[in-house]
Amino acid sequence: MASSTDGSTTESTGRTGGSGPLAGVRVVELAGLGPAPFCAMLLADLGAEVVRVERPTEPAGRQDLLNRGKRSMLVDLKHEHGPSALLALVERADVLLEGFRPGVAERLGLGPQECFARNPALVYGRMTGWGQDGPLAETAGHDIDYIALSGALHASGRAGGPPSFPANLLGDFGGGAMYLAVGVLSALLRVRSGGGGQVVDASVVDGTAHLATMLYGMVATGGWTTERGTNLLDGGAPFYDVYPTSDGEYVAVGALEPRFYAELVDRLGLAERLPDRDDPANWPEIRARLAETFASGTREYWTEVFDGTDACVSPVLSMTEAAEHPHVRARGTLVRTEDVVQPAAAPRFSATPNPHPGAVPEAGADTAGVLHAWGVAGREELLRSGALHGDLDSRREM
């Protein structure tokens, strides 16, 4: 893994890696939107030192939590010396992440060929919606388009209604960023075992389709129909659904297994009053009885009724409410950094604990500091070239 010029790994200063399982890994992120920044944030959460290279004309806002724990440089990649500055960082990096449309990095002189010429062990991570090739590769799109093409969007929603989508969590972050992270870490393992660097081509369409592997298998065997909202896990089954309560809130029910279902109906006082759940023909009646019963009490009431049981009933909480839930508080699932409540790093490690989420840096705050800390050759010339912006105090030592 990368180290500083004196051989020691960079220590945590609130914006850099220093603890966690990826301590010592250096990542250069070419600023973009959505899944690539989330992947870079995840790597920073795991202890990597992530340097976000931003455009001087489009710096990120201070409240963009996807940039937490990173360091920020402002580099004009269209300046004649901009690509040279970036490639000087690449020489000292383990990973480069970019989320441009196919061909953009190459036109900037920052494609895999140029980067591997400077650092053959580099892991070059590419994040797109459609992938690096294919008929749609050059076209624009967003999360909703990518999950639509993967088949996953069609499978989500109520019977007789339109498809529904969970913000941009399924595509951008689930099918995109997480798969890029897995690919990058896999490629890093190969480098550590003596292999060379390589390109990781992650696309949201590919990843989202892969997330649906179980459903595709069920479709093939007749265990899942393409009629939306009629299946076991899509709201078709009354014992796996959400129900409104008397105060206008909701509870979530996930009593799939027979013993959990038995606990559910017993706590609801319906144990002897419901037909056989194994016959889908009885599902409408079961749903109606469950809905009627849940509507008779508040969300708080039902939370108390099912607290500590195996009925798999939970209150549906807003993000503000989630921060106050006793389990979330006990686990430290949400933490406060710079007076902003945000998710803690996940997953957790016994021997290499994750760092507390770092602050979101001011744009360009580390422009000169990174060059010094990484021991970039010719940094004084780069600082004078006009391609770099932000904190340009070349005397700053990190």
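Q: How many bridges join strand E1 to strand E4 (residues 95-98)?
A: This is a predicted model in which local features need pLDDT of at least 70, side-chain atom pairs count only at pLDDT 80 or more, and totals for chains, interfaces and linings use all residues. Residues are numbered from 1 along each chain as its sequence is written, and side-chain values use heavy atoms, with hydrogens and water left out. Strands (E, at least two residues) and helices (H or I, at least four) are DSSP runs numbered from the N terminus, and two strands pair if DSSP finds at least two bridges between them. E1 and E4 run parallel, and the number of bridges that join them is three.

Q: Which residue of E4 is the bridge partner of Glu29?
A: Glu29 is buried, on the side of E1 that also holds Val27. Its bridge partner in E4 is Leu97.

Q: Which residue in E2 stands opposite Leu30?
A: E1 runs parallel to E2, and five bridges join the two strands. The residue opposite Leu30 in E2 is Val53.

Q: What is the N to O distance in the salt bridge of Asp45 and Arg68?
A: A salt bridge is a side-chain nitrogen of Lys or Arg within 4 Å of a carboxyl oxygen of Asp or Glu. The side chains of Asp45 and Arg68 meet in such a pair, which links distant parts of the chain: Asp45 is in helix H1 (residues 35-45) and Arg68 in the loop between strand E2 (49-54) and strand E3 (71-75), 23 residues apart. Asp45 is buried at a relative accessible area of 6%, and Arg68 is buried at 4%. Their N to O distance is 2.7 Å.

Q: How many residues apart in sequence are the parts tied together by Glu49 and Arg71?
A: Glu49 and Arg71 form a salt bridge, with the closest N and O atoms 2.6 Å apart. Glu49 lies in strand E2 and Arg71 in strand E3, so the separation of the parts they tie together is 22 residues.

Q: Which residues do salt bridges that share partners join into one network?
A: The side chains of Arg71 and Asp366 meet in a salt bridge at 4.0 Å, N to O. Arg71 lies in strand E3 and Asp366 in the loop between strand E11 (340-343) and helix H14 (367-373), so the pair ties together parts that are 295 residues apart in sequence. Both residues are buried. The network is made up of Arg26, Glu49, Arg71 and Asp366.

Q: What arc around the axis of H5 do its buried residues cover?
A: In helix H5 (residues 143-150), Asp143, Tyr146, Ile147 and Ser150 are buried.

Q: Which helices do the buried residues of H5 pack against?
A: Contact means heavy atoms within 4.5 Å. The partners of the buried residues of H5 are helix H6 (169-192), helix H7 (204-211) and helix H8 (213-220).

Q: Which residues does Leu43 touch, not counting residues up to four places away in sequence?
A: A nonpolar core is a set of buried Ala, Val, Leu, Ile, Met, Phe, Trp, Tyr and Cys residues joined through side-chain atoms within 4.5 Å. Leu43 is one of the residues that touch the most other members in the largest core, which has 33 residues. The elements that give two or more residues to this core are H1, E4, strand E5 (123-128), H6, strand E6 (198-203) and H7. With that sequence limit, Leu43 touches Leu22, Val27, Ala48, Val50, Leu97, Val184 and Leu185.

Q: What percentage of the 398 residues of the chain count as buried?
A: The chain holds 15 helices and twelve strands. Its C-alpha atoms fill a box of roughly 80 × 45 × 40 Å along the principal axes. Of the 398 residues, the share that counts as buried is 46%.

Note on methods: Buried means under 20% relative accessible area, exposed over 50%, partly exposed in between (1.4 Å probe, protein chains only).
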